[in-house]
Amino acid sequence: MTPVADAIVAVLLLGSGLLVLVAAVGLLRLPDFFSRMHAPSIASTLGTWLAALATAIHFTAHQGAPMLSAWLVAVVLSVTAPVTTAFLARASAFRRRAGGDEDAPPPFA
């Protein structure tokens with residue numbers, strides 16, 4: 001493995017860790033459920049993409065052939081994260097409306 005590839009992998013992993021840290025801070029600092037859903041989903045998804053890119057670069061440089069199977073994790077997360085976020089938001093909105101909360105979002109059309 002070349003030192004350049006090591007440096008790139010290190011920078012990508014540090015960036016991924018920083019994004020996940022920002023997501024965690026956002027989760028702790030934001031005031032309500034809907035705001036808390038927003039920060040971790042975006043930052044952690046980008047952090048996962050950076051970690052997948054670092055994995056692909058590391059194994060490509062180590063094996064000498066393109067290693068794209070790490071992207072499968074990123075693709076699966078790209079599909080599942082928005083779906084789970086939408087389901088969580090709908091469940092929370094339903095519970096707030098059922099509980100009589102006047103600030104609950106209106107029902108979806």
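Buried, for this talk, means under 20% relative accessible area. Keep that cut-off in mind. This is a predicted model.

Let me begin with helix H3, residues 71–98. H3 has 28 residues. From its first C-alpha to its last, H3 reaches 41 Å. That is close to the 40 Å expected at 1.5 Å a residue. Which residues of H3 are buried? They are Ala74, Ala81, Ala89, Ser92 and Ala93. And what covers them? The cover includes H2.

Take one of these, Ser92 in helix H3. Its relative accessibility is 13%, so Ser92 counts as buried. Setting aside residues up to four places away in sequence, Ser92 touches Phe33 and Phe34.

Now the packing of H2 on H3. Helix H2 covers residues 33–63. The axes of H2 and H3 lie 10 Å apart, at an angle of about 175 degrees. The two helices are therefore roughly antiparallel to each other. The cut-off for that term is an angle over 145 degrees.

Who meets whom? On the H2 side we have Phe33, Phe34, Met37, Ser41, Thr45, Thr48, Trp49, Ala52, Leu53 and Ala56. On the H3 side we have Trp71, Ala74, Leu77, Ser78, Ala81, Thr85, Leu88, Ala89, Ser92, Ala93 and Arg96. By class, that contact has 14 nonpolar, six polar and one charged residues.

On to the aromatics. How many aromatic pairs does the structure hold? Two. Phe33 and Phe34 form an edge-to-face pair. Their ring centres are 5.6 Å apart, with 75 degrees between the planes. Phe33 counts as partly exposed, at 35% relative accessibility. Phe34 is partly exposed as well, with a relative accessible area of 24%.

Then there are Trp49 and Trp71. Their ring centres are 5.3 Å apart and their planes sit at 55 degrees, so this pair is tilted. The pair links distant parts of the chain. Trp49 is in helix H2, Trp71 is in helix H3, and they are 22 residues apart. Buried or exposed, or something in between? Trp49 is partly exposed, with a relative accessible area of 33%. Trp71 counts as partly exposed too, at 23% relative accessibility.

Next, helix H1, residues 3–29. H1 has 27 residues, which should span 39 Å at 1.5 Å a residue. Its end C-alpha atoms are 39 Å apart, which agrees. Buried in H1 are Ala5, Val9, Leu12, Ser16, Ala23 and Gly26. Against what do the buried residues of H1 pack? Against H2.

Look at Ser16, in helix H1. At 9% relative accessibility, Ser16 counts as buried. Leaving out residues up to four places away in sequence, Ser16 touches Gly47, Thr48, Leu50 and Ala51. One of these, Thr48, is also in the list of H2 residues that meet H3.

From the H2 side, consider Ala39, which is found in helix H2. Ala39 counts as partly exposed, at 22% relative accessibility. Beyond its neighbours within four places in sequence, Ala39 is in contact with Ala23, Gly26 and Leu30. Ala23 and Gly26 are among the buried residues of H1. Ala39 and Thr2 are 37 residues apart in sequence and 35 Å apart in space, C-alpha to C-alpha.

Last stop, the segment after H3. H3 is followed by Gly100, whose phi is positive, near 85 degrees. Pro105 is found in this segment. Pro105 is partly exposed, with a relative accessible area of 30%. Which residues does Pro105 contact, leaving aside its neighbours within four places in sequence? Phe34, Ala93 and Arg97. Phe34 we know from the edge-to-face pair. Ala93 is one of the buried residues of H3. Finally, a distance: Pro105 and Val9 are 96 residues apart in sequence and 43 Å apart in space, C-alpha to C-alpha.

Technical notes
Residues are numbered from 1 along each chain as its sequence is written. This is a predicted model: local features need pLDDT of at least 70, side-chain atom pairs count only at pLDDT 80 or more; totals for chains, interfaces and linings use all residues. Side-chain values use heavy atoms; hydrogens and water are left out. Helices (H or I, at least four residues) and strands (E, at least two) are DSSP runs, numbered from the N terminus. Buried means under 20% relative accessible area, exposed over 50%, partly exposed in between (1.4 Å probe, protein chains only). Contact means heavy atoms within 4.5 Å. Axes are lines fitted to C-alpha atoms, for helices over the stretch in contact, and angles run from 0 to 180 degrees between N-to-C directions. Angles under 35 degrees count as roughly parallel, over 145 as roughly antiparallel, 65 to 115 as roughly perpendicular and the rest as oblique. Ala, Val, Leu, Ile, Met, Phe, Trp, Tyr, Cys and Pro count as nonpolar, Asp, Glu, Lys and Arg as charged, and the others, Gly among them, as polar. The expected span of a helix is 1.5 Å times one less than its number of residues. Rings of Phe, Tyr and Trp (its six-membered ring) pair if their centres lie within 6.5 Å; planes under 30 degrees apart count as stacked, over 60 as edge-to-face and the rest as tilted.
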